[in-house]
Amino acid sequence: MIIAPSVLSLDYTRFNEQVDILNKRVEWIHFDVMDGHFVPNLTFGPDILKAFRRSSDLFMDVHLMVTDPSFFADVFMKAGADQITFHYEAVEEDKIPELIDKIHAGGCKAGISIKPKTEVKVLEPFLKDVDLVLVMSVEPGFGGQSFIENSYNKIRELDKLRKEKDLAYKIQVDGGVNSANAGKLVASGVDVLVAGSFVFKGDMEANIQSLYDAEKK
Ligand code: DX5
Ligand code: ZN
């Protein structure tokens, strides 16, 4: 199980200290890129990712919540991203294969994400080409929201499809993840847990450890 803390919730007055803990305890860093159009919030540009890159060798997992993922994919790939995940809802279906190809040509892994109200079945044509599927378990836009229970069904469906079709995409969940639901999420098929407020509030090392421990229960 991979933990991908969302640096949306990082305390930027304690950047070095918190990034040091991430460097020691997790494999991925999750960047929530928001444009104020696809979602009603605005976050980082590529220079912020470059600053993390100077302080960390971790896998840089970029989640684009933007209406123009093709443009944002280019700038974040140049900034040092390892993976670019875009939203199914933001791209015309017939343009999705070329966006996946472009991300791969840029040397990155490619992920596709669905919002809570979008059904898994719309992703079927693209599953063979992506490295990761991200199930949003809150409406994208803000950290600190409550987990939507129906996400378990979507994760199980994606896990079943992966086995049936003999595919290797990772399943990632994002929104409202904590030590109380992490175990059930992994048991349902999740490989990568994104967690923002749960990781960065209070004792980060203990919080991260409690996510690892939840997997074993
Ligand atoms: C929401 C973002 C999430 C968010 C998760 O739009 O995609 O990554 O930061 O935050 P928590 O873990 O606080 O729900
Ligand atoms: Zn995210």
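Biologist: Leaving aside its neighbours within four places in sequence, which residues is His 30 in contact with?
Modeller: Please keep in mind that this is a predicted model. Beyond four places in sequence, His 30 contacts Ala 4, Pro 5, Ser 6, Val 7, Asp 61, His 63, Gln 172, Asp 174 and Val 194.

Biologist: Where does His 30 lie?
Modeller: His 30 is part of strand E2, which covers residues 28-34.

Biologist: Is His 30 buried or exposed?
Modeller: His 30 counts as buried, because its relative accessibility is 0%.

Biologist: What separates the C-alpha atoms of His 30 and Ala 4?
Modeller: A distance of 5.4 Å separates these two C-alpha atoms, although His 30 and Ala 4 are 26 residues apart along the chain.

Biologist: Let us move to the helices. Which residues of H1 are buried?
Modeller: In helix H1, residues 15-25, the buried residues are Phe 15, Gln 18, Val 19, Ile 21 and Leu 22. Viewed down the axis of H1, they fall within an arc of 155°, so they line one face of the helix.

Biologist: What do the buried residues of H1 pack against?
Modeller: Their packing partners are strand E1 (2-5), E2, H2, helix H7 (197-200) and H8. On the face of H1 turned away from the buried side are the exposed residues Asn 16 and Lys 24.

Biologist: At what angle do H1 and H2 pack?
Modeller: The angle is about 65°, and the axes are 10 Å apart. Phe 15, Val 19 and Asn 23 of H1 make the contact with Ala 51, Phe 52 and Ser 55 of H2. By class, these residues divide into 4 nonpolar, 2 polar and no charged. The crossing of H1 and H2 is right-handed.

Biologist: How do H2 and H3 cross?
Modeller: The axes of H2 (residues 46-55) and H3 (residues 69-79) come within 9 Å and cross at roughly 25°. The two helices are therefore roughly parallel to each other, and H2 passes H3 in a right-handed crossing.

Biologist: Which residues make that contact?
Modeller: H2 contributes Pro 46, Leu 49 and Lys 50, and H3 contributes Val 75, Phe 76 and Ala 79. This contact has 5 nonpolar residues, no polar ones and 1 charged residue.

Biologist: Which residues of H3 are buried?
Modeller: The buried residues are Pro 69, Phe 72, Ala 73, Phe 76, Met 77 and Ala 79. Down the axis of H3 they fall within an arc of 155°, so they line one face of the helix. What covers them includes strand E2, H2, strand E3 (59-65), strand E4 (83-87) and helix H4 (96-105).

Terms used: Residues are numbered from 1 along each chain as its sequence is written. Chains are lettered from A and ligands numbered from 1 in the order in which they are written. This is a predicted model: local features need pLDDT of at least 70, side-chain atom pairs count only at pLDDT 80 or more; totals for chains, interfaces and linings use all residues. Side-chain values use heavy atoms; hydrogens and water are left out. Axes are lines fitted to C-alpha atoms, for helices over the stretch in contact, and angles run from 0 to 180 degrees between N-to-C directions. Helices (H or I, at least four residues) and strands (E, at least two) are DSSP runs, numbered from the N terminus. Angles under 35 degrees count as roughly parallel, over 145 as roughly antiparallel, 65 to 115 as roughly perpendicular and the rest as oblique. A crossing is left-handed if the near helix is turned anticlockwise from the far one by less than a right angle, and right-handed if clockwise. Contact means heavy atoms within 4.5 Å. Ala, Val, Leu, Ile, Met, Phe, Trp, Tyr, Cys and Pro count as nonpolar, Asp, Glu, Lys and Arg as charged, and the others, Gly among them, as polar. Buried means under 20% relative accessible area, exposed over 50%, partly exposed in between (1.4 Å probe, protein chains only). The arc is that of the directions from the helix axis to the C-beta atoms.
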